[in-house]
Amino acid sequence: MLTIKPSRFVAIRTFFLAGLIMLGIAGSAKAQSGNEPTATEIRAQAMSFLQDKQYDEAIDLMFTYLDLVDKSSMLRVLEIAQDTRYKLAALLIQQNRKEEAIDVLKRYISLRPANHVRKARKMLVVCYFDSEQYVECIPAVTNALYYNEYPDRDPAEIKAKETASKDAFGSHSSSYDRDEEDIEPDLPYSTEELEMLYFTVAESYFELSQVEGTPYEKKKEYLEKCLDPFTYVTERTQNEQRKGYSIMQMINAMIDLQKFDRIIKWVPELYKTPARFDIRVNLALLNAAAALFEAGEYDSALPLYRMILPRDELIAYQEVKLQEMKEEAGLPPRYGDDWTADEALLFGESDPERQMQEEADNFTSGGMLFRQEEEVDEPDDFVVPHAISELQLLLETLRQMAPYETYVGFQMAQLYKNVERPWEAVRFFDQVFENDAGGEIGQRSVYESAAVLMDDLDEREQAETRAFNYLENHKEGTYPRLVTYVLTRYYQRNRLWAGIKGLRSYIEGFERSDDVDITRYDTELNFMLGVADLMTQQYSNAVAQFEYVIDEYSGTAQEANSLFWCGFSYLCLENNEKAYECFERYTRDFSDLKPDESLLDEAYYQGGICLFGMNRLDEAKERFTYVIETFGPSSSVYPDSCNMRGDILGSEGGKMLDAAVEDYKHAFENASKASQATYATFKMCDIYKADEAYYGLSYIREQVNVYLAKWGDRGADIAKALFWLGRLEIQEGHPERAVERYMDAVVDYGTNLRQDGVDSMIPELVKNALIFLNEEERDLIKRRLMIALESTDSEVLKLRLRVVLAKFDQTELELGKTLISELENLNNASPPVLAVICDASFAMEDYSRSEEILRIFKYNFEDSNFMRSAYRLRAFGQFARGNLDGAFQTVVEAQEEYGTDATESWAQLMKADILRRQALLFAGNEPMTEEQLVEASAIQLQIEMDNLESTIEQLDQAKNKKIVDTKAVERLTNLQSVIEEKVAGLERAVAGDSFENATRKLLVRCKIDEAREQNKNVMGVPEWRGKPFAQATYQLGQVEEADGNLLDAHAYYQRVYFQYKGLGEWGAKGYISAANILQKLADEPGISEEQRAIYERAKVDTLGAMLTDKYANTDPLVETAKEMLGPTGVAAIQLIIDSGIETNIVPSLVSEKKSGPDPNNPQPKAPGSIDTEGDA
Amino acid sequence: MKGVFSALLVLVVTASVSLGQTQSGIPARITAANGRQFEVFLQKIEDENIKFLMNRGNKEQSVPVRLITTVEFVGRYDIEGMELMFNNGDYQGMINKMTVEMKPSVDAFLPFMSTKNNLQDLFAMLMKAELGLGHAARAKEISSLLMKNPDTGIQGQAESIGLLAALDEDDISTAETLLGEIDSDPGKLYLGACVERAKGNFVVAINMVVDLIMAYPNDLNWMPQAELLNAHLYMDMGRTNSAIQTARQVKFIYANSRVGTDAANLYMEYKKAQDAAADAAKEREELEEANRAAVRAKAEERAKGFGFDAASEEDTNSESGAEDDVGNGESGSDTGEAL
């Protein structure tokens, strides 16, 4: 377009035109007897209205004008019309009449001349977008962008050029005086404008994708298409807020597209923008993260959750921002709140015009971020900028929301749990609980935390701490039950029945509810209490507990189970009548349960057991027959029923033996467990053996071989099988074959680390070889073992065979020592190998691997008989290091396993000795803090409570027996009183309600009494006659000595050297200790000289007796005796010895208490004090 | 005559210098405290003094280090390329490239790392790369110099790497001393966790890392390596699955970063180990089953003499032990056995 320079010519032309117009107006005014205004007049009037801000009127007239000139082809008219259109469009937009603006703009763009095509296209885009016409908006944007690049290719431009070229006067008229403004050049879009356009098209695509009913493929297409323009914006914009918003929208799109791997790239970018403080972004993050979580896209969800700001932090940030915005907008700082008088004075006037101008500027410059909405007119005439009102609304929404960080924390905890990051999960759950202890999410978190700790991390103590703290304060609802259930599940899995019992107070303290789920949990938990009692052999308690469940939770799933196990508990109490009632009731009332819930066949079977126990054999036989015929081989109790009926038939003897054998055969053929097959097999063997004349030994051989063939590698009792076969061979005069069988078994089954039967055959093999074979035959066996050792690849078998060979040569200790240094790890060491290592370590007093070996046994060979050595080694190791508590615990465990077996006296003796030492510690001079006293008292209290519970249980059982042992009842009743007294004292001590001395005395008393009791218990085990008795007697002396009962102590020591002198060191120890006691007695303050002399004399006599005692005078302790006697004393004794006089010097002292065993505690009688006196 | 001789001598010297004789040392531009800049050839640092030759000079000059504000090495170094290698985990590649480009040698630059210079970030990367390759002593050597750098960010990095290098050499005592000097709170947590790990306190260590995750979830200076440390800790605790999952997550979340690359390598390593263990277990089981089958065959042969054919017997469900689960209401005979 040519630029018109103002000149004289222009002025003349202007006046000329004005004159024409005037004439035109005059003419038209004259013609207004018909009187229509001209187009020009209309336009002028419109401009006038515009100036006067009478917008509606201006708009109407503009439309009228445009209608009038629409058909004109005069260039000038076209120019003016286009100019008018442009203004009209702007005005319509300003007046929010965007639909109309769209038509006007479209027309404007399609015609030429048009001076503001780019701007018009941009305005068209905004109009479409604001009126949510996204489908149209998109091409409007693309067209604008295309025009921006290639304006010459625009069809309207092309057409205009063609028209101009044909027109001889195709020049732009310069006569039109648009004095409102100069013509602005239609410049290419600025960076901001381009940004706005890309942003708009991106948003349009996104909005289209969210329209309900959009087909999925179309939705995907829209989402894909929005990504590039959003990317464009994020990469170029300087507006961080817009950048953040665009990233957030892309993330939302990628979630919908399930392009989760692409999300992660944008998260750090989002974090760098201030958009992370945007409320909507945070809420969008919340939704996006939740969507990802639901889709299992945890890796993508986690960074989003991490980015979400806590609600309070977000509110605080935005409140500050809002203040700043208000100040910038000239609003009162507390706009929206009640004003003070000063604020009204300062801020009483608004400036609507300025607000409007700002809005318009914001609009046309593309500064809009979100959709333009209606301005808010406040009653006090303030016009609030859109951004402020929007932020206020968002803040209000946020304030009304509950704090979501608890939810976010919980989700993150769940996420960590799901991806197997349990430590993170636990900590996040803990934090949620801390923030919401009383709420549902908080309570759920405790449950989840405990479950992860127990089930995943095996961190029992930590789980218990949380669980118990929670359960102390929460008694109602589902979650306390769930938490308790987590604990019981763990305890059950690990057979920690005492743990379940420890939950009793919590379970009983729950508030009852009619809620179905809660009732279900209560039933289950109470049932588990009964199971725990049953498994800890507290049968009376088990009965009571099961009966409670039956009564209180009738109709629930566990009623039937409780009835069944109640019957079983009665069986364990040997109360067959009551047990039978339970089982019969079960068969009556619960015959229609689902197969996987039903114990009907079991109940019938157990009923048969009860009848058997009541000696109602015919009924029992009938019952077992019923089970066999009704439930058939598919029932798990079929083999057992066959076995039981076989037993009954076998007891009838005669022809019934065949029938019994048939039953056993059925049991064997249908056995599903090794135990069933084992029972049947050896019962048959018993019959075959008993009626050897009828059956013959081949039946035994056949059955045992068949048993081994079928069950050899599935848990068969190989030892027993080989024992039978071996016995046969020996009976038939072929002991070498028996040894061979044992050897074959070791070689065949010895590659398996867990083969207890083979392990128990090893000593049998060696024993029989030594007894029955000559040297040559033994050498042959050894050679064969060597060959097997050299030819096998199995390290497990190699080690086993080395043990066998060492046993042959009686070089086990040497082998053990070799293996200690040879084996870096014990992965291939089977129990006999480990036992050899233990014994060698014990001999060398090397306890360095004791913990490791015991752990291996517990984890891998918990049922092995060879574990004894490991327990002993471990306990002695701990004892040697002074870890009395540890040693005690080990001893207790060993005793739980092996009880009073012949080889286990060491455990009982060590236990008793530890108790004495613990008593001495309490009685010692080492000061103890209050915490230490309370802790020690608490531990002892627990022990005494267990003792009390056990005593009461024993008392109940004693009273409930058919034939009551009154002495036992009396003893237990007395014991109960003693223990209750201790318990009362310890409770006071735990409560801090006792002095230090009193507490220590009580603890000493408890330990001394226990030590005494435990030593005496040794005497009650006949298998422990010999050295264990000697040691126990000696230790009793030590206990009495610790308790200050010197005479009693002397009596025990005396008994040791009198009764047990032939048993190694004990005689000598007895002598020395007795002498020491006598010296102590002599040194006691306040005794008479005469008495002192008696004690001194007795001491000399005692030591003299030792020197003359052939059993004791070769012991190293004799040197100690000589030192105590002194040279003169020794010389005197030597004189006696040299003179050949035999002595029987035994000092006699009378003790204050009975020195013999407690008559109420059955023990072998021991002599009291000895009254004979010997003369030199 | 003497004057003529001297003049001639000066001419000869000047001519020989102006003939472009090469100066030894590292070309650099130093900025003094008074703002003046000098083009020099750096020689060494000795007794807290920088020794250099002036450009075209041949007399060694000496200036206290404290009077030098910055050192700008003026050689052509492809720093971006080295950084890319570092971020891709190609530590050896980066070191090789430095060796080629940094003349006369990388070590010649080292003493100057105690001053503020334009290559300090690169040498900080070198320090980390050396540690990443397991060259703890070398990493310590570089860190000891960077610790003296006036830039606190560089100091912090050097202290961290110095600590980690000490741990690599099992020098826990030095590591704990350095830990006390760490300023950053998340840094203290991360490095403290490393120390606890070295002491075998895995649970304590992992909880320290979780403290960091909870308090500083978006701190990209410490989070990536902290989370990767958790992967190692899980493996230390024998929790292979957790270790693999954590490594995988770190690989994903911090993709395109050095830690992400390290995590990817760790993930592959753990997966391979897990697969190898599973294969070995399977092989062992197959071998044991073969042995069991052989023994069973022998026993069946023996039993065949009596007309028993084990193969014709139906397999019944066998139970290896007397396990019972009373609570689930299984067979009472099971419980009876257990009791």
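The points below describe a predicted model with chains A and B.

1. Conventions. Residues are numbered from 1 along each chain as its sequence is written, and chains are lettered from A, ligands numbered from 1, in the order in which they are written. As this is a predicted model, local features need pLDDT of at least 70 and side-chain atom pairs count only at pLDDT 80 or more, while totals for chains, interfaces and linings use all residues.

2. Chain A. Chain A has 55 helices and 2 strands; helices (H or I, at least four residues) and strands (E, at least two) are DSSP runs, numbered from the N terminus. Of its 1176 residues, 42% are buried. A residue is buried if 20 or more other C-beta atoms lie within 10 Å of its own, exposed if 12 or fewer, and partly exposed in between, with C-beta atoms placed from the backbone. Taking contacts in chain A between residues at least 6 apart in sequence, 58% join residues at least 24 apart; two residues are in contact if their C-beta atoms, placed from the backbone, lie within 7 Å.

3. Chain B. The secondary structure here is 14 helices and 5 strands. Chain B has 339 residues, of which 36% are buried. For contacts in chain B between residues at least 6 apart in sequence, the share joining residues at least 24 apart is 45%.

4. Nonpolar core. The largest nonpolar core holds 376 residues, and those with the most contacts inside it are Ala89(A), Leu105(A), Tyr1071(A) and Val209(B). Such a core is a set of buried Ala, Val, Leu, Ile, Met, Phe, Trp, Tyr and Cys residues joined through C-beta atoms within 7 Å. Not counting residues up to four places away in sequence, Ala89(A) touches Ala101(A), Val104(A), Leu105(A), Tyr108(A), Ala120(A) and Met123(A). In soluble globular proteins, nonpolar side chains tend to be buried together.

5. Helices H7(A) and H9(A). The axes of H7 (residues 134-149) and H9 (residues 191-209) of chain A come within 9 Å and cross at roughly 155°. Axes are lines fitted to C-alpha atoms, for helices over the stretch in contact, and angles run from 0 to 180 degrees between N-to-C directions. H7(A) and H9(A) are therefore roughly antiparallel; angles under 35 degrees count as roughly parallel, over 145 as roughly antiparallel, 65 to 115 as roughly perpendicular and the rest as oblique. The crossing is left-handed, meaning that the near helix is turned anticlockwise from the far one by less than a right angle (clockwise would be right-handed). On the H7(A) side the contact includes Val141(A) and Leu145(A), and on the H9(A) side it includes Leu197(A) and Val201(A). By class, the contact has 11 nonpolar, 2 polar and 1 charged residues. Ala, Val, Leu, Ile, Met, Phe, Trp, Tyr, Cys and Pro count as nonpolar, Asp, Glu, Lys and Arg as charged, and the others, Gly among them, as polar.

6. Helices H19(A) and H21(A). For H19 (residues 405-418) and H21 (residues 440-456) of chain A, the axes come within 11 Å and cross at roughly 20°, so the two helices are roughly parallel. Their crossing is left-handed. Thr406(A), Tyr407(A), Phe410(A), Ala413(A) and Lys417(A) of H19(A) make the contact with Ile441(A), Ser445(A), Glu448(A) and Val452(A) of H21(A). These residues divide into 5 nonpolar, 2 polar and 2 charged.

7. Thr484(A). This residue is in helix H23 (residues 478-493) of chain A. Thr484(A) is buried because 25 other C-beta atoms lie within 10 Å. Apart from neighbours within four places in sequence, Thr484(A) contacts Leu471(A), Leu503(A), Tyr506(A), Ile507(A) and Leu525(A). The C-alpha atoms of Thr484(A) and Ala450(A) are separated by 9.5 Å, the residues being 34 apart along the chain.

8. Backbone points to check. Most residues other than glycine have a negative phi, and most peptide bonds are trans. A cis peptide bond joins Arg112(A) and Pro113(A), with omega about 5°; Pro113(A) is in the loop between H5 (98-110) and H6 (117-130) of chain A. The bond from Lys103(B) to Pro104(B) is also cis, with omega near 5°, and Pro104(B) is in the loop between H3 (91-101) and H4 (106-109) of chain B. Arg495(A) has a positive phi near 55° and counts as exposed, with 12 C-beta neighbours inside 10 Å. Gln537(A) has a positive phi of about 65° and counts as partly exposed, with 13 such neighbours.
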